[in-house]
Amino acid sequence: PTLRRCDFAARLEPQERADSVLILGRRVFRDKSNADFYAEDFMRSGTIDAGRVYVFRHDDPSSIAEARSIIPWLKSRAAGDTILLLTDAAATRRVNAIFNRLSNGHPVFITCDIHNDRYNADNWWGDREARKKWAQEGAAMPLAKGDLLNADTVAVDPERVVPAECWKPGKLQTTAHVERLVPIASMPASPDTALAITVLPVPG
């Protein structure tokens, strides 16, 4: 509810440290997704180039399912070679393992721990909610490793249409064709330029 990941990504894009942002969110109503709420809040600063913001509404029940949907979309649009994943503190190790195993290095994913007041890896045992999160991730990690044992690298499937949309002021407009995301090489030179696209996943 504090939308820390949106705030973090909103600071990266104007600093030219990310050239595009992909916002993920599960469907929560018949025709509404968390991604709609995230994107609406994300664009309120007025400093973000709407042409570089993409929204992905999904019903994927897990991080592995999200990766299988998103990786082909990134590959088909030449998203670049480095993707920054903004995720919950406790989930960074698991999410990193999932996305990099299924992408096989194309692209490379880096996970970033967005600070969570309710979870600190150094003293998680001191708070009930943090202990619950630790236990949840402790169970999720071996399950994810089991799912990845015989998993193949995710490739582009021309038969599958992934409903990622480009943000337009006032509405979300479906992209009917395959386009390249804004290449970071076309942006003004910056010593901090290192990231191609920022993805805001919902932990699962």
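Predicted model: local features only at pLDDT ≥ 70, side-chain atom pairs only at ≥ 80, totals over all residues.
Which residues in α1 meet which residues in α2?

**The whole chain.** Display the protein chain as a cartoon: five helices and seven strands make up its secondary structure. Traced from the N terminus, the elements follow the order α-β-α-β-α-β-α-β-α-β-β-β. Among contacts between residues at least 6 apart in sequence, 79% join residues at least 24 apart.

**Helices α1 and α2.** Select residues 4-12 for α1 and residues 34-42 for α2. Their axes lie 10 Å apart, and the helices pack at an angle of about 45 degrees. Angles from 65 to 115 degrees would count as roughly perpendicular and those under 35 as roughly parallel; α1 and α2 are therefore oblique to each other. The crossing of α1 past α2 is right-handed.

Now show side chains where the two helices touch. On the α1 side are Cys6, Ala9 and Ala10, which meet Tyr38, Asp41 and Phe42 of α2. Classed by type, this contact comprises five nonpolar residues, one charged residue and no polar ones.

**Helix α3.** Eleven of its 14 residues are buried, so α3 is largely enclosed by the rest of the structure. To view the buried positions, select Ser63, Ile64, Ala65, Glu66, Ala67, Ser69, Ile70, Ile71, Pro72, Trp73 and Leu74.

How values were computed: Residues numbered from 1 in each chain as written. Heavy atoms only, no water. Axes fitted to C-alpha atoms, helices over the stretch in contact; angles between N-to-C directions. Helix = DSSP H or I, 4+ residues; strand = E, 2+ residues; numbered from the N terminus. Parallel < 35°, antiparallel > 145°, perpendicular 65-115°, else oblique. Left-handed = near helix turned anticlockwise from the far one by under 90°. Contact = heavy atoms within 4.5 Å. Nonpolar A, V, L, I, M, F, W, Y, C, P; charged D, E, K, R; others polar. Buried < 20%, exposed > 50% of the residue type's maximum accessible area, 1.4 Å probe, protein only.
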